[in-house]
Amino acid sequence: MQASSDNILTAVRIDKGFPGTKALDKVDFHLQRGEVHALLGENGAGKSTLIKCLTGAYRRDGGSILLDGVEVDPRDTFDAQRLGIGTVYQEVNLLPNLSVAENLFLGRQPRRFGMVDIRAMNRMARELLSEYELELDVTRALASYSVAIQQVVAIARAVDLSGKVLILDEPTASLDAHEVAMLFRIVRRLKARGLGIIFITHFLEQVYEISDRITVLRNGRLVGTRNTADLDRRDLIAMMIGRELAAEIHAAEAHAAEGEPRYRFRNYGRRGRIDPFDLDVRAGEVVGIAGLLGSGRTETAEVLFGAHRADSGTAEIDGRRVELSSPRAAIRRKFGFCPEDRKTDGIVGDLSVRENIVLALQARRGWTRPISRAEQNRLADLYIRALDIRTADREKPIKLLSGGNQQKAILARWLATEPEFLILDEPTRGIDVGAHAEIVRLIESLREKGMSLIVISSELEELVAYSTRIIVLRDRAHVAELDGERITAHQIVEAIAAANERRAS
Amino acid sequence: MKQKYLPLTATILIFVLSYALCAAQYPNILSTRVIGNLLTDNAFLGIAAVGMTFVILSGGIDLSVGSVIAFTGVFLAVVLEHTSMHPLMAFALVLAITTLFGALMGMIIHYLEMPAFIVTLAGMFLARGMAFVLSIDSIPIKHPFYAILKGLYYKLPGGGRITLIGGLMLLVFAVGILIAHRTRFGTNVYALGGGTATAKLMGVPVASTTVKIYALSGLLAGLSGIVFSLYTSAGYSLAAVGVELDAITAVVIGGTLLTGGSGFVAGTLVGIFIQGLIQTYITFDGSLSSWWTKILIGALLFAFILLQKGIIHLSRDARQRA
Amino acid sequence: MIPILRTYLARLLPQLIALSAILIAISMTFPGFLNLEIQNDRLYGSLIDILNRGAPVVLLAIGMTVVIATKGIDLSVGAVMAICGAVAASFITAGHSLFETLLITIAVGVLCGMWNGILVAVLDIQPIIATLVLMVAGRGIAQLVTEGAILTFNDPGLIFIGSGSFAGLPMPVVVWLVFGVLVALLVRQSALGMLIEAIGVNRQASTLSGVLTPVLLIAAYMLSGLSAAIAGIIAAADIRGADANNAGLWLELDAILAVVVGGTSLLGGRFSIAASVLGAIIIQAINTGILLSGFPPEFNLIIKAAIIVFILVLQSPRFRTAFAFLAVPRRAAKTTEQEAK
Amino acid sequence: AELVVGFSQIGSESGWRAAETTLTKQQAEQRGIDLKFADAQQKQENQIKAIRSFIAQGVNAILVAPVVATGWDEVLQEAKDAEIPVILLDRTVDASDDLYLTAVTSDLVHEGNVAGKWLADTVAGKPCNVVELQGTTGSSPAIDRKKGFEQALSGHDNLKIIRSQTGDFTRTKGKEVMESFLKAEGGGKNICALYAHNDDMAVGAIQAIKEAGLKPGKDILVVSIDAVPDIFQAMAAGEANATVELTPNMAGPAFDALAAYLKDGKAPAKWIQTESKLYTQADDPMKVYEEKKGLGY
Ligand SMILES: Nc1ncnc2c1ncn2[C@@H]1O[C@H](COP(=O)(O)OP(=O)(O)OP(=O)(O)O)[C@@H](O)[C@H]1O
Ligand SMILES: Nc1ncnc2c1ncn2[C@@H]1O[C@H](COP(=O)(O)OP(=O)(O)OP(=O)(O)O)[C@@H](O)[C@H]1O
Ligand SMILES: [Mg+2]
Ligand SMILES: [Mg+2]
C-alpha cells in the first residue's frame, strides 16, 4: 500500500491492548481526501477502538498518526477536535442534561464580552439543525428527545466540528431510511468539499451506497483495503468473518400461524404514551412492529411488558385475565423484553457477562433460591457459544464488550429464562452481518419451537423475513395490520405513507 | 414555562408561602431587621454554598468547606495578631492557600480517580487539623481595619441593615449565576455532571474543569472564612462544624440534583433563605426544647423535599394531560 | 475451594497490607503493642482493644456496605445508634426483661432503616438527603427519650454485652464477628448479593430484568438500621448508659470511610463485607495508634488524614495501573493457567 | 406586663447542660418569666442568629451561654443599641464589659486549680504520675481546666502529667482513651492518678480501670470536674475520689440580678462568680446524689 500524497489521515501500525485482549494489532489505515471510507468488521473486531485511538480517546500502545502528512498525537478528544477531526462515537455520546444548543456548541460557544451569547448560540443551533430538516426547541434538554433525534444532533455536531476528517461510528443504527438518506446527502456534500470520511456500519447496502473504499478488520488485525466497486458482497463478507456465510437473510416465506391466539390484549394502552390498541398473538407467531421513529413502537413494547403500567384495557393469556402491572408480573407470565436502549435499560455494566446472562432468571427465581455457580457457568458458556458472544472470558465486565456483543448478551439473558412471549426491540441494532443472520435464524427457530414473539425493527427487509404479521404504527397509534401476502417492505412503506398523508391533510 | 425551571419555581413558591405563613403568626418576621439578619447571618453559609453548588452540579461533593472556614479564621487571627500584615494582604494570602487546597483535592480526585466524598473528607480532617495546629485557642481579631469593614452597612428603614458581608453574599451569588450560565466553564461544569466519560469524549477538558471546580469551592470556602471572621471578629478552630452539611442541604433544597448536571445557583440562594427562615421561626417560637428543635428541623426539611416533589409531580401531570 | 479462597485473598490483599503496615508502624513506636495476655479468662492487649473499640464502626460499616452497594448512602446511622441506645436504656430501666429490650431496640432500628428505605425507594428522594432527615431529627428523638441526660442502667445482662467476654474475646468482638459472618453468608449464599450489585450498577435495567428493586432497596436500608441498632446497644452497654447526645456522633463518616478503605466504590455495585470490616479495623487501628503514640491531641486529625490519604492513594486505580508492570507477570501466569484447564 | 427573656443555649451536648437548661426553665417559671429558648446546636453562628432574632422580637432581656469567648462584640453592641440587657451564663466572653449586664459563671481555671490542689494535697509529696483526659480540643473548658490544673501542679515536682489526650467530654471516649493510657503505661502500674476535665469521661475511665483489673479510687486516684450525679455514685462506691462542682443553676442568680436591675436600675457586679465547691468521699456522696438526680442531669 503506497502512502499517497492524497492521504489526509494516515495511521501506521496502531497497537492497542486491554487486559486479556489485544484489541488492535499493528493496524494500518489510510484515509484519502474526498473519500468515504467504510471501516468494517465483526462485533469486537476493533473498529471503535481504532477510532478512539485516532481521536485520542484512548492512548494507543504503539504506532503513529499523520494528519496532512504531519505527525500528530492527539492527547484527548479536544485535541482531535482542534485538529479538525469530528467524531460521532458509537453509543450516543451527548449530554442528556444539557440543552440541544449547548450540546452542539459545547466548548465553542459564541461569546460576547467574555460571556456566552446564549441567543446567538440558539440561533446558530437552529440554523445548523435546519440542514437536517429538524425543527426543535433547541433550549430544551437533549434527554427529552428520542434516541434518533439525539443521534442526528450528534451527527450535526460532529459534521460542524470536522474541518478535515469526519468519523461516524455506526451513526445509522438508530435512524430510519428517511434520515439515512438525509445523512448521506450531507456526507456527499462534505466529500465534495474534500473532507475524508470514515464510516462504520453493519448495513452492507449502505456501504455500497456511499463508500468509495473499504477497510476490513478482523480480531484486531487488518484484513485489507479494497475499492468498493471491485469488491462484491460475498467477498466482503468472507473478508469480514473469515469464511463464507451460508446464506444472508433469505427471502420471506409465508408462515401464517394456526390456532387460537394465546395472548389477547384488548383496548390496551396508556395515556400520553400509546393509544389503546387490540393485539392478538398466537403461539409460534412473530408479530413485527413497524413505524417511523417516535411512532410509539417502544411504548407499545413497554406497555405490553408492564414497564409502564397500562391504564386502560385488559390482557388475557390462554383465555384467562392477567394483570401485567410490572416487569416482574410479566416475567412471572414468562414474558421477556429485550430493550432498545441497551446502555441504560439493558446492560448492568460493572457486572460480568455471566451475571448479566443469569440476571433475569435469578430475579424470577427469587433471592432465596440462588442459581449455583456451576449452573451459572453452564448457562453463560452455553449462550456465549450459542450466540457467539466475543469475550475474553465470562467474568469480563460486560461494559468492556463491544456494542454488538453486549446486545447478544442481553438477548441471552432473556433466552435463559425460556420465555413464551418475547419482545425484542431492535434486536439487531449494531450487530454484524454474521450475527445478524444468526439472530434472524434464532428468531425463526424460536418461533418454530412455539414461542410468541414481538419484534420491533427499523429494518424492513428483516421484518419481512421473519414476521407472520406486521403492525404499523403512526403517532402513537396502531394504524394498520399486514399479513400473509401483504407482508412486503413495499406494503409497509405504503401503509406508513398513507398514514402520513392522512396526517398531513 | 420550561421543564427545567420547575424545581426552582417550586422552591421559590414554597419559600414565599412559608414566609407568609410565618409572618401571619409572627408579624415581626416582616420587619427589615429580620430580612437584614437573614442576609447577614447566612452570608458565610451562602458564599460557601455557591461553591458547593458548582461542585454538586459537576456530580461531586465537597465535605471540607466547614473546616476550611475554620482554618481561614484561625489563620487570619494568627497572622493579624503575630505580624503586622495588612488584613487585605492576609485575605489575599489565605485565599491563595484555600484555592490551592481546593485545587489539590481536585487533582487528587481527577488524576488518582478517587471519589470526591472521601478525598474531601480527608481534606476536612486535614484543614481542621491545620487549624488546631495553628492554635486551639479562640483568638480575637482586633485590627482597626475590621472595625472599618464592619462599619460599612446600608441602613434600611425600620432598623434593618444590609451589611457588607450580606451584600458580598448577594454579589457572589450574582457572579456565581453568571459563571454557571454564561461561561464555557459553567457549561463544562454541567457537562461533567451529565457524565464524565461522555463529557470527555465531547472534548470537555475534564481535568482542568475538575481542578477548577474544587479550586473555586476552595476559594469560596476561603472567602466564606473571611466573612465568618468578619462576622465574629475572631478565629476559632472549632468554628463552622457541619457547615458543609448545611450547604449541601441548601443546595439540594434549592432544587439541584445531588447526582449532578441539573440545578441552579439561584436555587441555592432560596435554599439558604428557607433554612434561615426555619431557624428564625424556631427562635421566634422559643418554646422548643433542644431535642424538639432537632426533630422539627428534620421534619421541616422532609416537608420541603416532599412539597417540592409534589409540586413538580403535579405540574408534570398537568402538562401531560394538556 | 482453593481458587475461591485465592480470589478472596486477592480481593482483600490491599486492605491486609495496609493493616499490617499500620500495625507494624505502631509496634515500632510502641513496643508492647503486640503483646497479648490472658487476664480474667479474657484476652487482653492493644490488639484486642482495636477489635473491641472498633465494634460500632465495624457494625455500621457492614450495613453501610450493602447500602453503598445499592448506590445509596446512609447518613443516619449515628443518630439511629443514639436512638437505639436510648430505647434500650429506657426499656431496661423500666423493668423489661433483657430479651424484650433487645427485641424492641432492634425493631426500632429496623424501623428507622425502613423509613429511610421508603424515602429512597418509594418517594425516590436522593439517599444523602433522605437519610439526612433522620440524621438531624434522629438525635433529637434520642434526646427526647433520655431528656438530654445520660440514662444509666445496671442490668447485668445488658452490661455483659458491652464488657463481658465469650471464649476469651470481648462480647462486642463476638457480636460483630457473628453478625458479619451471618450477613456475609446471607448475601453470598443467597442471590441477594448479586441482585443488590445489579441494582447499584443499573437500577433501571435491573427493574426491567424483573429484580424487585424497591423491596431490595428498603431491605438494604433496614439492614443498615439493624446494624446501627446493634452498634447502639453495644455503645450503650459499654458505658452502662445511653448518651443520646454523643453516641454515634459523626460515626457515619467513619463507617463510610471504612467502606471506601475496604475498596467498595461509592458509585455502587461490587461490594465485600469482609473488606469493609477490615477497613473499619484499619480506621480503629489508626485511632488507637494515635492514642498510644502520645502526641498532643491537636495533631490527631492531621495524622489521621495523612494516613487515610496515603492508604487511598495506594488503593487508587491510577496508582495501581502505574505500578501494573509489577503485576503483569502474575496476570500472564494466571491466563495461561486458565487456558490449561 | 410579663417579662420576656430570650435564652440562647449552646445545645445539649452533655447531661450537665441538659440540667442547666432544665434549671433555667424552672427558675424562669418560678419568677413568672416568659422564657424564649433557642438551642444553637453547638454553633456560634446559630447563637448570633438567635440573639439577633431576640432583638428583632423585642424581648426584655437576653441570656446567653456563649459557646466560645470571641466574636460577640457586634451582636452585643446591637443588643445594647436596642437597650436590651444581656447576661452571660457559665462562660465569659472576650468583649468589653459594658456590652453586657453581668456574667454569671464559675472560673474554669479556678476549677482546674481546685482539682489540682486536691491532688497535690492528697498525694502529699509522694511521686505520682498523672494522666489527663482533656475535653474537646479547642473548647474553652478544656483549655482553662488544663491551665488551672497545671498551675496547681507547678512547684510540685513529685506530680507529673505523663499522658494527656482528648476524650471529647464523652464517656465512650473517656473509656477508650483510658484503655490506651493503661496499655501504654504498663497496664496502669505507672499511673497514680487520673484527672478528667469532666465527670462523664471520668465515669467512662473508671470502667476502663476496673476492666483492666485495677481499683479506681485506690490504685488510681480519680479527680474530675462538674459534680454530676453519677460521679457521686462512683464516689460512694469508692471508685472516684473527688469532683469540683460546676453548678447548673446559673440562671437563678442571673434572674435575681436582672430583676434588681429592672426594678431600680441597679447595675450588678460585672462578674457573679459561682462557687467551685470540692466534693470528696467524705461528703456523704449518696446524699448529694439523691439531691441532684432529679435535676435533669
Ligand atoms: N475499555 C476496554 N477494556 C477492555 N476491553 C475492551 C475495552 N474496549 C473494548 N474492548 C475489547 O476490545 C475489542 C474490540 O472492541 P471494539 O469496541 O473496538 O469493537 P467494534 O469493532 O467496535 O465492535 P462493534 O461492532 O460491536 O461495535 C473487544 O473484544 C472488546 O471487548
Ligand atoms: N416529538 C417528540 N417530542 C418529544 N419526545 C418525543 C418525541 N418523539 C418521541 N419522543 C420520545 O422519544 C422516545 C422514543 O420514541 P418512541 O419510543 O416512540 O420511538 P419508537 O417508535 O419506539 O421508535 P424507535 O424505537 O425507532 O426509537 C420516547 O420516550 C418518546 O416519548
Ligand atoms: Mg464498535
Ligand atoms: Mg423505540
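On the chain C side, Gln126(C), Leu301(C) and Arg318(C) lose the most area to chain B. Together those three make up 16% of what that side buries. Keep in mind that this is a predicted model.

How many residues take part in the contact? Chain C brings 41 residues and chain B brings 40 residues.

Now the polar side of the story. Between chain C and chain B, the count of salt bridges is zero. Polar contacts do turn up: three residue pairs across the interface, with both residues at pLDDT 80 or more.

Which elements of chain C give two or more residues to the side that touches chain B? They are helix 5 (98–121), helix 6 (127–146), helix 12 (251–261), helix 14 (300–315) and helix 15 (317–322). Helix 6 of chain C gives the largest share, twelve residues. By residue type, the chain C side that touches chain B splits into 30 nonpolar, five polar and six charged.

Next, chain D. Chain D has ten helices and twelve strands. The C-alpha trace of chain D spans about 65 × 35 × 30 Å along its principal axes.

What about the inside? In chain D, 68% of the 297 residues count as buried. Take the contacts in chain D with a separation of 6 or more: 75% of them join residues 24 or more positions apart.

Terms used. Residues are numbered from 1 along each chain as its sequence is written. Chains are lettered from A and ligands numbered from 1 in the order in which they are written. This is a predicted model: local features need pLDDT of at least 70, side-chain atom pairs count only at pLDDT 80 or more; totals for chains, interfaces and linings use all residues. Side-chain values use heavy atoms; hydrogens and water are left out. Contact means heavy atoms within 4.5 Å. Buried area is the accessible area (1.4 Å probe) that two parts lose on being put together, summed over both. A salt bridge is a side-chain nitrogen of Lys or Arg within 4 Å of a carboxyl oxygen of Asp or Glu. A polar contact is a pair of N or O atoms within 3.5 Å; within protein, one must be able to donate a hydrogen and the other to accept it, and residues adjacent in sequence count only if both atoms are side-chain atoms. Helices (H or I, at least four residues) and strands (E, at least two) are DSSP runs, numbered from the N terminus. Ala, Val, Leu, Ile, Met, Phe, Trp, Tyr, Cys and Pro count as nonpolar, Asp, Glu, Lys and Arg as charged, and the others, Gly among them, as polar. Buried means under 20% relative accessible area, exposed over 50%, partly exposed in between (1.4 Å probe, protein chains only).
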